[in-house]
Amino acid sequence: MDWCRLWHEMPNDPKWRVIAHRSGRPISEVIAVFVTMMANASDNAEARGRLRNFSAEDVGAALDIEEQAVEDICKAMQGKVLDGDALMGWAKRQPKREDGAAERAKAWRERNRTQANAIERPRE
């Protein structure tokens, strides 16, 4: 997920104001609920990008807001950022390819394994 772009766009995107208006809740709560949804959808190994075992009661307790407020926000999100239990735009936020970190780490370990373990210290 392109987190930098997402975090830059998130507070300025007009859809959060629409959702806040629809739900009667502040934008801060709307964004907090959405961030919780993204974490939930990311943890769903069977269907990434879909909510799994998402509980308004648990989210409300975690964010210190009323369960009904979470339900109102979720309802207001339908058609804007949610399609049923799926986060809209999930696929476009995923990397198109692996970043090569595993290959770089393997090459780094190989280089370090073949080099001398320590530089000889000067004698005093």
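**A walk through the model**

Author: Glu 29 has its place in helix α3. Helices here are DSSP runs of H or I with at least four residues, strands are E runs of at least two, and both are numbered from the N terminus.

Reader: Before we go on, what kind of model is this, and how are residues numbered?

Author: This is a predicted model, in which local features need pLDDT of at least 70, side-chain atom pairs count only at pLDDT 80 or more, and totals for chains, interfaces and linings use all residues. Residues are numbered from 1 along each chain as its sequence is written, and side-chain values use heavy atoms, with hydrogens and water left out.

Reader: What's the average pLDDT of the protein chain?

Author: The average is 85, and 81% of the residues score at least 70. pLDDT is the predictor's confidence in each residue, from 0 to 100.

Reader: Where is confidence lowest, and where highest?

Author: Helix α1 (residues 3–9) is lowest with a mean of 61, and helix α5 (residues 67–77) is highest at 97. Where pLDDT is low, the predicted coordinates should not be read in detail.

Reader: Back to Glu 29. Buried or exposed?

Author: Glu 29 counts as buried, at 13% relative accessibility. Buried means under 20% relative accessible area, exposed over 50%, and partly exposed in between (1.4 Å probe, protein chains only).

Reader: And what does Glu 29 touch?

Author: Leaving out residues up to four places away in sequence, Glu 29 touches Ile 65, Ala 69 and Ile 73. Contact means heavy atoms within 4.5 Å.

Reader: How many aromatic pairs are there?

Author: The structure holds one. The ring centres of Trp 16 and Phe 34 are 5.0 Å apart and the planes are at 50°, so the pair is tilted. Rings of Phe, Tyr and Trp (its six-membered ring) pair if their centres lie within 6.5 Å; planes under 30 degrees apart are stacked, over 60 edge-to-face, and the rest tilted.

Reader: New topic: where is Gln 94?

Author: Gln 94 is in the loop between β2 (86–87) and α6 (101–114), and counts as partly exposed at 21% relative accessibility. Gln 94 and Gly 49 are 45 residues apart in sequence and 9.8 Å apart in space, C-alpha to C-alpha.
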